[in-house]
Amino acid sequence: MDSTSFDPLAVLRVMCGLWFIPHCIGKLRNLGPASQTFAKAGLHPARLFVILTIVAEVLAGLALVLNVQARLGAALAV
């Protein structure tokens, strides 16, 4: 394998993991509207579920980017 080749699946894995960064930032910046969405879905207390979702997304993103338990991170992301 030469130095210019790369694994496309590894690139996809990292890109999917990095996507969680703006997604989590968006939820943090709009915590109120996100909580309302969770409340309408019947998840109470809504703010707690938003925080748990953010934590899960951060863990999944780190697992995908760092390739540590990437399969578990992908399952968590789903």
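Helices (H or I, at least four residues) and strands (E, at least two) are DSSP runs, numbered from the N terminus. By that rule Leu31 sits in helix α2.

This is a predicted model, in which local features need pLDDT of at least 70 and side-chain atom pairs count only at pLDDT 80 or more, while totals for chains, interfaces and linings use all residues. Residues are numbered from 1 along each chain as its sequence is written, and side-chain values use heavy atoms, with hydrogens and water left out.

**Overall form**

The protein has four helices and zero strands. The order from the N terminus is α-α-α-α. Along the principal axes, the C-alpha trace spans about 50 × 20 × 15 Å. The radius of gyration, taken over C-alpha atoms, is 15 Å, whereas a compact globule of 78 residues would have one near 12 Å. The globule rule is 2.2 Å times the number of residues to the power 0.38.

Of the 78 residues, 24% count as buried. Buried means under 20% relative accessible area, exposed over 50%, and partly exposed in between (1.4 Å probe, protein chains only). Contact means heavy atoms within 4.5 Å. Among contacts between residues at least 6 apart in sequence, 49% join residues at least 24 apart.

**The core**

In soluble globular proteins, nonpolar side chains tend to be buried together. A nonpolar core is a set of buried Ala, Val, Leu, Ile, Met, Phe, Trp, Tyr and Cys residues joined through side-chain atoms within 4.5 Å. Here the largest such core has seven residues: Cys24, Leu31, Ala34, Phe38, Ala46, Val50 and Ile54. Helices α2 (31-40) and α3 (46-66) each give two or more of them.

Leu31 is buried, at 18% relative accessible area. Beyond residues up to four places away in sequence, Leu31 touches Arg47, Val50 and Ile51. The C-alpha atoms of Leu31 and Ile51 are 8.8 Å apart, although 20 residues separate the two along the chain. Phe38, leaving aside neighbours within four places, contacts Leu43, Ala46, Phe49, Val50 and Thr53.

**One salt bridge**

A salt bridge is a side-chain nitrogen of Lys or Arg within 4 Å of a carboxyl oxygen of Asp or Glu. The whole structure holds one. Lys27 and Glu57 form it, at 2.7 Å from N to O. Lys27 lies in helix α1 (residues 8-29) and Glu57 in helix α3, so the pair ties together parts 30 residues apart in sequence. Lys27 is buried at 13% relative accessibility. Glu57 is buried too, at 10%.

**The surface**

The protein exposes about 5,700 Å², and carbon and sulfur atoms supply 71% of it. Areas come from the Shrake-Rupley method with a 1.4 Å probe; for residues, only the protein chains shown count as cover. Ile51, Val55, Leu59 and Leu76 make a nonpolar patch of about 340 Å². Patch residues have over 30% relative accessible area and no salt bridge; nonpolar side chains (Val, Leu, Ile, Met, Phe, Trp, Tyr) are joined within 5 Å, like charges within 9 Å. Helix α3 gives the most to the patch, with three residues.

**Loops**

A cis peptide bond joins His44 and Pro45, with omega about -5°. Pro45 is in the loop between α2 and α3. The loop between α3 and α4 (70-77) holds Asn67. Gln69 is in the loop between α3 and α4 as well. Both have a positive phi in a residue other than glycine.

| Residue | Phi | Relative accessible area |
|---|---|---|
| Asn67 | near 60° | 46%, partly exposed |
| Gln69 | near 50° | 57%, exposed |
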